[in-house]
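I opened the file to look up a few local features.

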Amino acid sequence: MAGRIIGLDYGSRTVGVALSDPLRMTAQAVETIKRKDENKLRQTLARIEEIIRNEGVEQIVLGYPKNMNNTIGDRAQKTDAFAGMLKRRTGLEVVLWDERMSTMAATRTLIEGEVRRENRKAYVDQLAAVFILQGYLDYIRLHPQDKPD
């Protein structure tokens, strides 16, 4: 059986982390990795590597923040650079997965779940990672012959 897949929601100060179950059917929230400075990624990358080792991860799905008009902006360019770092450090395939609306969907879910505003920030990034990873898992289950972009 194939190993787990890790889903990441890469932001300027945080990275939301989700993992697939061993059967690659569902995504579960793991944690939010925080950093003080956008460009200080060494500890963030080390924590991701630790999760990958401990959980038997074989693939990385990284949310790709395209603009609503499908163009690539500054945040997507930074995500491209982060994807390159992940690939070099882990040796794993990094799939860029369109994440448009994932943070909005995560926020809406937390509001509907009546999570207090001051508590939402602690969960929104990991829930966004869950939406990113679950979207990818659903796609590969429904299109086993296709390789997503």
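Entry 1, strand S4. I noted first that the model is predicted. I then looked up burial along S4, residues 57–64, and found seven of its eight residues buried, so the strand is largely enclosed by the rest of the structure. I checked its partners next. S1 (residues 4–10) runs parallel to S4 and is joined to it by five bridges. In that pairing Gly-7 stands opposite Val-61. S5 (residues 93–98) also runs parallel to S4, with six bridges between them. There I found Leu-62 opposite Leu-96.

I located Thr-14 in strand S2, residues 14–20. I read a relative accessible area of 17% for Thr-14, which is under the 20% cut-off, so I logged Thr-14 as buried. Its side chain makes a polar contact with the side chain of Asp-125, at 2.9 Å. Leaving aside neighbours within four places in sequence, I listed the contacts of Thr-14 as Asp-9, Thr-32, Ile-33, Lys-34, Arg-35 and Asp-125.

Entry 3, aromatic rings. How many aromatic pairs does a search of the whole structure find? I got three. For Tyr-10 and Phe-82 the ring centres are 4.1 Å apart and the planes lie at 5 degrees, so I recorded the pair as stacked. This pair links distant parts of the chain: Tyr-10 belongs to S1 and Phe-82 to helix H2 (residues 74–90), 72 residues apart. Both Tyr-10 and Phe-82 are buried. I also noted a cluster of Trp-97, Tyr-136 and Tyr-139, linked by ring pairs.

Technical notes:
Residues are numbered from 1 along each chain as its sequence is written. This is a predicted model: local features need pLDDT of at least 70, side-chain atom pairs count only at pLDDT 80 or more; totals for chains, interfaces and linings use all residues. Side-chain values use heavy atoms; hydrogens and water are left out. Buried means under 20% relative accessible area, exposed over 50%, partly exposed in between (1.4 Å probe, protein chains only). Helices (H or I, at least four residues) and strands (E, at least two) are DSSP runs, numbered from the N terminus. Two strands pair if DSSP finds at least two bridges between them. A polar contact is a pair of N or O atoms within 3.5 Å; within protein, one must be able to donate a hydrogen and the other to accept it, and residues adjacent in sequence count only if both atoms are side-chain atoms. Contact means heavy atoms within 4.5 Å. Rings of Phe, Tyr and Trp (its six-membered ring) pair if their centres lie within 6.5 Å; planes under 30 degrees apart count as stacked, over 60 as edge-to-face and the rest as tilted.
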